[in-house]
Amino acid sequence: AAVAAPLRFEDLTIDDDLPLLERVVRYCRSGIALQRLVHVKMLAETADAVGANATIQSLTSLLPPLVNDPESIIRQHLASQLLPLSLTCLYNSQKVTTRSPHNERGYKLLTTTLLAHLHTLITDHDVDVRRAASDSISVLALHISPEDVPSLILSIPIRLAAKKENTTDDNGLAEELRITSANLLGELAALHDVKQVLPK
């Protein structure tokens, strides 16, 4: 079997002359994990710099392969970056302290696509990825319309808790997901008045 050639310095070089958005788009798709990691960590600052429209048009298309990146550290940082990126899509700003009026296009993207990415990440095999996704979900719940919280937010820990053991290749993941579910419910209860959003 052929052995992969070692990385050369030129392979790791990043073109700093590229505009920020173009640079992040290019290197988040890199075949080199270190380049992906560096630029995944820049998603939030890039979203903040370019605003909601460019974030929705250019940055969100980078997310699907990153959600399934083979490197858990990249998935973990992505889970954390999804919170400020989502706030940019919602409000065209990451400096939001209350429920300001949101951008409808950004809200639709959050509720259909970005939360789905976080749902994938919260079921990850790596505990640090799950913890980062849980933290993002619990804060984003503050920005979800109260009538949408049961179906969009509370359904996540409920589905995690209902995961069945898979005896072939589970390695205790179902039990870990139940722990993640309990922790997320605790975070949600601490941040929100859950009584107001639980179904009667």
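This is a predicted model: local features need pLDDT of at least 70, side-chain atom pairs count only at pLDDT 80 or more; totals for chains, interfaces and linings use all residues.

Start by selecting residues 173-191, which make up helix H10. Show the side chains of Glu175 and Arg178: they meet in a salt bridge, with N and O 2.9 Å apart. These two sit three residues apart in the helix, so about one helical turn separates them. Glu175 counts as partly exposed because its relative accessibility is 40%, and Arg178, at 28%, is partly exposed as well.

Next, hop to helix H8, residues 127-140. Here Arg131 forms a salt bridge with Asp128, and their closest N and O atoms are 3.0 Å apart. Arg131 is partly exposed at 48% relative accessibility, and so is Asp128 at 33%.

Now pick Arg36 and Asp69. Their salt bridge has its closest N and O atoms 2.6 Å apart. This pair ties together distant parts of the chain: Arg36 is in helix H3, while Asp69 is in the loop between helix H5 and H6, 33 residues away. Are they buried or exposed? Both are buried. In total, the structure has six salt bridges.

Last stop: the largest nonpolar core, with 49 residues. Select residues 72-91, helix H6, which gives the most to this core: 10 residues. Then click Ile153, one of the residues with the most contacts inside the core. Beyond its close sequence neighbours (within four places), Ile153 touches several residues, including Leu115, Ile137 and Leu188.

Methods: Residues are numbered from 1 along each chain as its sequence is written. Side-chain values use heavy atoms; hydrogens and water are left out. A nonpolar core is a set of buried Ala, Val, Leu, Ile, Met, Phe, Trp, Tyr and Cys residues joined through side-chain atoms within 4.5 Å. Buried means under 20% relative accessible area, exposed over 50%, partly exposed in between (1.4 Å probe, protein chains only). Helices (H or I, at least four residues) and strands (E, at least two) are DSSP runs, numbered from the N terminus. Contact means heavy atoms within 4.5 Å. A salt bridge is a side-chain nitrogen of Lys or Arg within 4 Å of a carboxyl oxygen of Asp or Glu.
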